[in-house]
Amino acid sequence: MTDELQIALWIVLAVIVYVVTNVWRYARKSKEQWQAVDKSKLKVWDDDDGS
């Protein structure tokens, strides 16, 4: 494998790891925020027919 290809693959791998880590971190933060919400104050929509 050439050095250029190996460097390119390492860069692609680093970007993938970076993206997956950020998605996981934001998903965890979102879940924590949703758990902290006072759900009794959520608006109930009249036009919500379930379809």
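Visitor: Is Asn22 buried or exposed?

Guide: Burial is read from relative accessible area, where buried means under 20%, exposed over 50% and partly exposed in between, with a 1.4 Å probe and protein chains only. Asn22 has 15% relative accessibility and therefore counts as buried. This is a predicted model, in which local features need pLDDT of at least 70 and side-chain atom pairs count only at pLDDT 80 or more, while totals for chains, interfaces and linings use all residues. Residues are numbered from 1 along each chain as its sequence is written, and side-chain values use heavy atoms, with hydrogens and water left out.

Visitor: With which side chain does the side chain of Asn22 make a polar contact?

Guide: A polar contact is a pair of N or O atoms within 3.5 Å; within protein, one must be able to donate a hydrogen and the other to accept it, and residues adjacent in sequence count only if both atoms are side-chain atoms. Here the partner is the side chain of Arg25, at 2.9 Å.

Visitor: Over which ring does the charged end of Arg25 sit?

Guide: A charge sits over a ring if NZ of Lys or CZ of Arg is within 6 Å of the ring centre and within 35 degrees of the ring normal. For Arg25 the ring is that of Tyr26, with its centre 5.1 Å away, and Lys39 lies over the face of Trp34, 4.7 Å from the ring centre.

Visitor: How do Ile7 and Ile16 count by relative accessibility?

Guide: Ile7 counts as exposed because its relative accessibility is 53%, whereas Ile16, at 47%, counts as partly exposed.
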